[in-house]
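Me: I want to go through this model label by label. For each term, give me the value, the cut-off and the conclusion.

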Amino acid sequence: MDLTPSVLRQFLPALAEISCAAGNEIMRIYQNHLCHDCEVEQKSDGTPVTEADKRADQMISEHLARLTPDIPIISEESVFEVPFEKRHAWSRYWLIDPLDGTKEFIEKTGEFSVNIALIDRHHPCLGVVYAPASEDLYLAVKGEGAYKLSAAPRFLDQQQGRLSEASLFADLKPISCDRVDQNRPMRVAVSRRHGALSQRYFSAFDRVHKIKMGSALKTCLVAEGRADVYPRFGPTSLWDTAASQCVLEAAGGAVLNAAGHALEYVQTESLLNPFFIAVGDPDYPWPTFPEVL
């Protein structure tokens, strides 16, 4: 299949439905306070996983397998089932984080998201980020622009059957990044748990306005012009960034590594990203990354 922009756009209605359905299941658990009652397990890397992660993962994977049976899937919660020897040569695959921001889910901040990306030749060409608590849906096709749909479940529930491309795009709002304005403080999106390296990066700016946010939603803030930069100098995996990188790039921004190059999605055993900054103004002279001592 040749993934032209028109072909990719045809996936968006189904991906909107899939992400909202997974988000509804996550919110059912969240609103019933089951995240406090159910057991929170620890994965081998020390990160938590809940029943919401698992249910959303199963739902998304099953729907994508029916939508595109010839495209393999890598998901945070099931990647252990796909050994590196099997997946290392994949040039095209779905990359899923069914619940990005599990710690935020557990702590009840509402700042978590469903991330679905289609990777083609080491780069995200299609991205969907859905925030179940706020009901904001971000969608993007490489080279075709980025969009936001507010109150997404209410819109989707009003439709008869599957959404058509025309009905979905009629209600989407185009989003775009802002250029850096030297007359205002630098708007920096940060995790609620940002570390010393991020703090050192902030110090390079004369004035800083911090915007605390969880999950891939930080990158989406940059994409819609509500933040200027999101620096990440801690561990992340490919599924944490792919969907929101597609949204940001389609909105005019970039996700850059220390060398100033866009993040790529090359299969490795660990599936870890390098440190990066998500920026709305790629032409701004961003400070160099802090050295790791």
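Reply: Start with a bend: α10 has a kink of about 30 degrees, centred on S244. Two ground rules first. This is a predicted model, where local features need pLDDT of at least 70, side-chain atom pairs count only at pLDDT 80 or more, and totals for chains, interfaces and linings use all residues. Residues are numbered from 1 along each chain as its sequence is written, and side-chain values use heavy atoms, with hydrogens and water left out.

Me: Why is Q245 called buried?

Reply: Buried means under 20% relative accessible area, exposed over 50%, and partly exposed in between (1.4 Å probe, protein chains only). Q245 has 0% relative accessibility, so it counts as buried. Its helix, α10, is mostly covered, with 12 of its 13 residues buried. Among them are W239, D240, C246 and A250.

Me: What does Q245 touch beyond its neighbours within four places in sequence?

Reply: Contact means heavy atoms within 4.5 Å. By that test Q245 meets H123, P124, V255, A262, L263 and Y265.

Me: What makes the pair Q245 and Y265 a polar contact?

Reply: A polar contact is a pair of N or O atoms within 3.5 Å; within protein, one must be able to donate a hydrogen and the other to accept it, and residues adjacent in sequence count only if both atoms are side-chain atoms. The side chains of Q245 and Y265 make such a contact at 2.7 Å. D136 and S134 are also joined through their side chains, at 3.2 Å.

Me: Why is D136 called buried?

Reply: Its relative accessible area is 15%, so D136 is buried. D136 is found in strand β7 (residues 136-141). Leaving out residues up to four places away in sequence, D136 touches V129, Y130, A131, K148, L149 and S150.

Me: And why does A52 count as buried?

Reply: A52 has 1% relative accessibility, so it is buried. A52 lies in helix α3 (residues 51-67). Beyond four places in sequence, A52 touches I26, I29, L99 and F105.

Me: How are the helices and strands of the protein counted, and how many are there?

Reply: Helices (H or I, at least four residues) and strands (E, at least two) are DSSP runs, numbered from the N terminus. The protein has 10 helices and 14 strands.

Me: Why is the protein called as compact as a globular protein of its length?

Reply: The radius of gyration is taken over C-alpha atoms, and the globule rule is 2.2 Å times the number of residues to the power 0.38. The rule gives 19 Å for 293 residues, and the protein has 18 Å, so it is as compact as a globular protein of that length. Buried residues make up 56% of the 293.

Technical notes
Bend = angle between axes of the 7 residues up to and from the residue.
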